[in-house]
Amino acid sequence: MSPPMSPGGRAASIPLMGRDAEPTLFELSAPGRSAASFRTTGVPEWTAEELVPAEFLRSEAPPLPEVSERDLTAHFTRLTHRQYAVDLGAYPLGSCTMKYNPKLCDEVATLAGLAAAHPAAPAATVQGWLELLVALETALCEITGMAAATLQPPAGAAGELTGLLLMRAWHGAHGEGQRRTRVIIPDSAHGTNPASVTLGGYTVTTVPSDERGCVDLAALRGVLGDDVAGIMLTNPNTLGLFEEEIVDIAAAVHDVGGLVYYDGANLNAILGVCRPGDMGFDIVHMNLHKTFAVPHGGGGPGAGPVAVTAPLADFLPGPRPVRTGSGYAWTTPEHSIGRVHGWHGNTLALARAWSYIVANGGDGLRRVAERAVLNATWLRHRLRGVYDIPFDRPNMHEFVASTTALKKATGLRAADVAKRLLEEGFHAPTVYFPLIVDEALMIEPTETESLETLAALGDALQRIADEATSAGNADAAHAAPRTTPVGRVDEARAARHLIATFDARGE
Amino acid sequence: MADFTPHTAADIASMLDFCGLASLDELWTTVPAAIRLAAGTLDLDPGRSEPDTIAEFERLAAANRVGAELVCFAGGGAYDHDVAAVVRRVAFRAEYVTAYTPYQPEVAQGVLQALFEYQTLVARLTGLPIANASLYDGATAAVEGVNLAVAATANQRVLVSAAVNPRTVEVIRTLAAGTGHVVDVAPLDRSGATAWPVQGSAGAVVVQYPNYLGVIEDVSAARAAADAAGAFLVVIMDPVAMGLLRSPGPLGADVVVGDGQVFGTPLSFGGPYVGLFACRQEHVRRLPGRLVGETVDVNGTTSYVTTLRTREQDIRREKASSNVCTNQTLIAVCCAIQLGWLGASGLREMALRCARGTRYARESLLGIAGVEPLVDGPVLREFAVRTPVPAATVIDRMADEGFLAGIAIDDDGLLIAVTERRTRDEIDRFAAAMDKVTR
């Protein structure tokens with residue numbers, strides 16, 4: 001008999017020292033202390049008064065903290081001991097695709113030949129960068145079934161807005177800019193979708209989901225008309241379900257002259273299995289930080305390229321990298337909507353994504369989708385009978401559970417499960433989203449977690465439910481988390497008495 | 001081929017069995033057969049091992065000329081500053097790199113406190129009381145500043161100085177197609193500063209400080225112009241310049257934006273950088289992006305959490321004034337650590353060294369026959385000259401001499417930036433090469 005396996009993704013062993021709060025950088029400051037040093041240049045040492053007219057000169061330096069490098073390093077290192085991350089363990093945060101990011105992607109982003117290039121350098125001096133960007137664009141188009149892409153949008157929401165401006169430019173070019181005023185989104189959509197629609201100059205029409213958790217096609221037909229600019233859909237949707245009628249949905253929108261926009265938040269589920277272009281989508285944004293292993297950085301940077309069908313390519317933001325007879329160059333499409341980023345997008349994040357695609361290859365990407373869906377499917381089966389599964393049908397990369405019955409019986413809410421799970425050595429799922437599910441727990445294990453980790457996560461979730469059921473109340477979960485650097489945080493107080501800087505303390 | 005999934009054949013068999021599935025293909029029953037691809041359909045190369053992937057990237061990296069091969073005198077929004085070793089070594093710890101948005105504050109105090117400190121640093125640099133937890137880059141931060149001003153004043157006319165970075169202006173115009181803002185340009189005087197006042201009312205007045213030509217604008221004059229137009233004043237600030245120049249907040253800015261790349265982030269071919277955003281206290285309910293606030297936990301321990309969340313898109317949905325979700329947290333952390341390393345005296349020294357190099361380079365270049373100042377206003381670390389041959393030609397020829405000479409402005413203007421990294425020897429060789437290529 002081999003010894004029992006331990007789950008690699010359970011983080012309950014992380015050591016922590018003491019229970020004190022970490023002082024701020026500003027409290028570590030001592031006047032006259034400094035870490036900075038500068039290179040020897042031999043440039044003449046004019047004084048500030050000789051260089052800048054007196055009326056512009058400030059009287060004293062900005063009040064930055066004065067710390068030694070030792071204290072600076074200790075402070076920001078101690079902060080990392082108060083922070084959970086994918087590299088410590090599983091992070092089943094639904095809709096965020098918190099997969100493990102291969103370290104080789106970090107390595108390539110530090111190569112000086114990439115990291116030290118100025119974005120305004122002449123194309124002839126940055127042929128490696130342009131080749132990389134063209135290769136990435138080509139691969140993203142192949143993966144999504146599109147014809148051309150812009151790599152400029154720096155995040156998913158920026159990609160959405162870019163896509164809506166492309167939609168606007170398309171209708172404008174066809175003399176329908178004034179008439180088409182509405183964009184349709186399902187009630188399960190991410191909040192960025194309606195916010196982007198408004199910034200794109202459109203109004204939102206919400207279409208309900210049916211009892212299967214998918215877009216209600218009859219209801220959709222009821223709101224379609226020649227004033228519709230398009231529809232924004234996530235597929236698989238935020239319930240983790242594939243929109244089985246997607247081809248008919250796209251055709252119905254096309255029939256009234258609208259465009260069909262793909263929110264790529266959940267692209268991880270379908271890599272190499274099916275393509276938005278084949279489903280009928282016209283515009284596709286991707287979240288490279290979710291699907292293609294750009295690390296999430298505590299909340300960014302991400303990258304949100306937008307790919308389009310051939311007729312829309314002429315409207316893409318410029319300049320775009322293109323292959324020429326003799327190498328690579330920049331070009332701006334004739335009817336470009338214009339730049340959406342100060343330079344070429346989050347280029348080092350794009351390089352990381354390209355390295356992930358190169359390492360995985362076509363077969364590897366399909367394997368990613370397959371195992372992401374397998375993991376989520378296994379966990380859904382594991383949690384049957386433990387939590388409510390409102391849409392207990394074949395899921396893709398994630399599924400949504402709920403504590404509705406447990407709340408009624410014991411008072412256990414989704415937020416309690418989330419906080420209690422932290423004590424078990426796992427990050428919480430996404431809670432209270434999508435909005436159409438009561439007490440939602442949106443769970444996305446991703447493909448990089450092992451069966452042992454899934455089993456341990458399933459066991460932990462079961463313990464939390466059992467604990468409430470046997471006690472007849474949710475007291476244990478209400479008290480959680482007790483093992484974390486701080487206990488439950490008073491969010492209401494933060495909003496009521498705003499302290500957004502160190503200098504606002506005590507005001 | 002690299003494989004980042006842990007599944008053994010036995011795992012897969014046992015998982016399929018548990019789920020009542022006969023094969024992996026049965027995972028896809030809800031995907032219509034007509035659009036389902038067979039395995040291997042994608043026209044992508046087979047996967048590669050880790051060493052082979054890195055070797056491919058070394059080949060791509062070697063096809064770019066950087067560092068000593070192309071000594072950088074270009075700026076225009078991206079600057080070649082030294083990055084402290086502590087930034088690379090600490091900010092790129094896995095806990096900062098591989099966390100996500102701090103939705104569970106009890107296990108995200110590290111990122112939250114770092115952002116709280118970043119907000120404090122940005123507030124102190126700008127001289128305004130409120131700063132958010134970062135936006136994408138300087139250009140998109142400017143758009144958010146304009147949107148805040150327009151929403152607050154209910155006036156969609158946006159008056160942009162002609163010496164705002166043209167790429168920033170283009171992004172403002174691109175996004176104005178959706179919001180319906182009307183963008184007008186305020187001209188420059190002979191010194192290269194904006195010629196205020198301007199006619200008519202507006203929602204936003206936008207000025208860059210120092211401006212795209214390197215000239216130090218009079219923020220108080222822009223404030224007066226904004227007052228005359230009934231507008232909010234949005235200042236696009238070079239944060240390095242705050243080592244020497246008066247902060248825009250006390251000079252009358254309602255909103256200050258900028259790009260924090262200059263503190264701790266290499267040129268990176270343009271991204272990821274970090275958009276700085278600060279505003280007056282009374283505008284906090286219109287603040288775009290995330291905001292971290294200080295509070296306590298159940299035991300009264302100081303804690304941090306994202307706050308005033310009801311402003312944000314996931315709650316307000318179509319009524320939100322910004323769609324920002326993911327921001328640039330990791331780059332904000334880099335920025336905070338670099339600013340901590342610099343400290344008050346270090347930031348002043350950094351700005352002073354930029355200004356000295358700029359003075360030295362400018363005087364050296366203006367000694368070359370046919371090279372003239374494009375404008376004559378006071379500059380800090382960037383300046384523009386008129387060249388006797390077209391600027392694009394100068395840039396190409398200078399690349400052959402081993403220099404990134406700058407950025408072309410129209411036909412015969414060249415924008416040149418000098419950071420604290422540039423030595424006297426580099427500047428002397430730069431000037432000699434410029435003399436050669438402009439003959």
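Which residues does Arg422(B) touch, not counting residues up to four places away in sequence?

**View 1. Arg422(B) and its contacts.** This is a predicted model, in which local features need pLDDT of at least 70, side-chain atom pairs count only at pLDDT 80 or more, and totals for chains, interfaces and linings use all residues. Residues are numbered from 1 along each chain as its sequence is written, chains are lettered from A and ligands numbered from 1 in the order in which they are written, and side-chain values use heavy atoms, without hydrogens and water. Arg422(B) touches Thr41(A) and Val43(A), and also Val71(B), Cys72(B), Phe73(B), Asp80(B) and Ile427(B). A contact means heavy atoms within 4.5 Å. Arg422(B) lies in the loop between strand E15 (413-417) and helix H12 (424-437) of chain B. Helices (H or I, at least four residues) and strands (E, at least two) are DSSP runs, numbered from the N terminus. Arg422(B) counts as buried because its relative accessibility is 6%. Buried means under 20% relative accessible area, exposed over 50%, and partly exposed in between (1.4 Å probe, protein chains only).

**View 2. Helices H5(B) and H10(B) pack together.** Their axes are 9 Å apart, at an angle of about 50°. That makes H5(B) oblique to H10(B). Angles under 35 degrees are roughly parallel, over 145 roughly antiparallel, 65 to 115 roughly perpendicular, and the rest oblique. Axes are lines fitted to C-alpha atoms, for helices over the stretch in contact, and angles run from 0 to 180 degrees between N-to-C directions. Residues of H5(B) in the contact include Val111(B), Leu115(B) and Tyr118(B). Among their partners in H10(B) are Ala332(B), Val333(B) and Leu339(B). The contact has 12 nonpolar residues, 1 polar and no charged. Ala, Val, Leu, Ile, Met, Phe, Trp, Tyr, Cys and Pro count as nonpolar, Asp, Glu, Lys and Arg as charged, and the others, Gly among them, as polar.

**View 3. The largest nonpolar core has 257 residues.** Such a core is a set of buried Ala, Val, Leu, Ile, Met, Phe, Trp, Tyr and Cys residues joined through side-chain atoms within 4.5 Å. Phe292(A) and Tyr387(A) touch the most other members. Helix H10 (residues 329-366) of chain B gives the largest share, 21 residues. Tyr387(A) has contacts that include Ala401(A), Leu406(A), Val417(A) and Ile464(A).

**View 4. A second, separate core has 65 residues.** Its members include Leu199(A), Ile283(A), Val206(B) and Val255(B).
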